[in-house]
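Dear colleague,

Please find below the structure that I am handing over to you, followed by a summary of what was found in it.

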Amino acid sequence: MKLAVFDFDSTLMDGETIDFLADELGIGEEVAKITEEAMSGRLDFFESLTTRVALLKGMEYNKVVDICANLPLMPGAEELVPALQKMGYKVVCFSGGFRLGTGPAAKRLGLDADFSNVLHEKDGKLTGLIGGDMMFGYSKGDMLQRIQSLMGITRADTLVCGDGANDLSMFAHADTRIAFCAREILKKEANVVIDTKDLRKILDYIK
């Protein structure tokens with residue numbers, strides 16, 4: 001058995017979930033700037049996440065659910081996932097974003113599991129608070145090690161793919177490290193670099 005772990009925002013999904021939500025509130029530019037700082041490694045991931053989510057306070061929860069259920073998948077995602085599964089991979093998504101987004105996408109793509117964060121909601125509105133498995137810069141690496149241990153999978157049989165600084169921690173525990181349309185900070189640690197928005201290109205590098 002092998003393990004393939006993908007980031008969600010700007011990797012399996014074409015865009016950043018939080019930016020789509022912020023656009024609805026008319027604060028897209030402000031939030032996108034913070035996202036970019038975090039993904040480029042210039043801002044602590046936890047601080048950036050909590051700051052951005054706080055800006056969404058008061059947003060109608062139903063609207064959030066609706067936007068998250070209709071996020072655009074990255075070109076090639078629907079072909080890549082079943083192709084990897086046929087090759088014996090368990091395909092999993094780790095996201096510093098939200099279960100509301102990764103859940104519907106995981107169903108559409110047929111992922112084996114998704115791990116992400118939960119937006120806190122009260123009285124039908126976002127409270128501006130967040131909790132979950134993927135809150136910190138080290139979270140993805142930590143979760144990857146736990147899954148490898150649970151399933152008895154070595155780093156040699158682990159593929160990871162992401163685009164930003166918060167993916168670095170999982171790059172430390174996998175022999176196949178794919179930077180997909182990624183920031184320079186991640187490309188430096190990758191042994192596969194893909195700069196075309198087509199996830200099927202990954203198949204060219206896997207036996």
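Which residue takes a positive phi in the hairpin of strand 3 and strand 4? In this predicted model, that residue is Asp 123, with phi near 55°, and the hairpin has two residues between its strands. Strand 3 (residues 113-122) and strand 4 (residues 125-132) are antiparallel and are paired through five bridges. Within this pairing, Glu 121 has Leu 126 of strand 4 as its bridge partner.

On strand 2 (residues 89-98), strand 3 pairs in the parallel sense, with four bridges. Cys 93 stands opposite Asp 114 in strand 3. Together with helix 6 (residues 99-109), strand 2 and strand 3 form a β-α-β unit of right-handed sense.

I turn next to the annotated positions. The unreviewed UniProt entry lists Asp 7 and Asp 9 under "active site". Both Asp 7 and Asp 9 are included in the lining of the largest cavity. Asp 7 belongs to strand 1 (residues 2-7), and it counts as buried because its relative accessibility is 4%. Its side chain makes a polar contact of 3.0 Å with that of Thr 11. Beyond four places in sequence, Asp 7 touches residues including Phe 94, Lys 140 and Asp 163.

Asp 9 lies in the loop between strand 1 and helix 1 (17-25) and is likewise buried, at 9% relative accessibility. Among its contacts outside its sequence neighbours within four places are Ser 95, Gly 97 and Asp 163.

Finally, Arg 183 occupies the loop between strand 6 (176-180) and helix 9 (184-187). Arg 183 is in contact with Glu 36, Met 39, Ser 40 and Asp 163, leaving aside neighbours within four places in sequence.

With kind regards

Key:
Residues are numbered from 1 along each chain as its sequence is written. This is a predicted model: local features need pLDDT of at least 70, side-chain atom pairs count only at pLDDT 80 or more; totals for chains, interfaces and linings use all residues. Side-chain values use heavy atoms; hydrogens and water are left out. Two strands pair if DSSP finds at least two bridges between them. A crossover is right-handed if, with the strands pointing away from the viewer, the path from the first strand over the helix to the second runs clockwise. Contact means heavy atoms within 4.5 Å. UniProt positions are given in the numbering used here, feature names are shortened, and annotations may be inferred rather than shown by experiment. On a 1 Å grid over the protein atoms alone, a cavity is a set of points where a 1.4 Å probe fits but cannot get out, and a pocket is an open set with protein on both sides within 12 Å along at least five of seven lines; lining residues have an atom within 4 Å of a point. Buried means under 20% relative accessible area, exposed over 50%, partly exposed in between (1.4 Å probe, protein chains only). A polar contact is a pair of N or O atoms within 3.5 Å; within protein, one must be able to donate a hydrogen and the other to accept it, and residues adjacent in sequence count only if both atoms are side-chain atoms.
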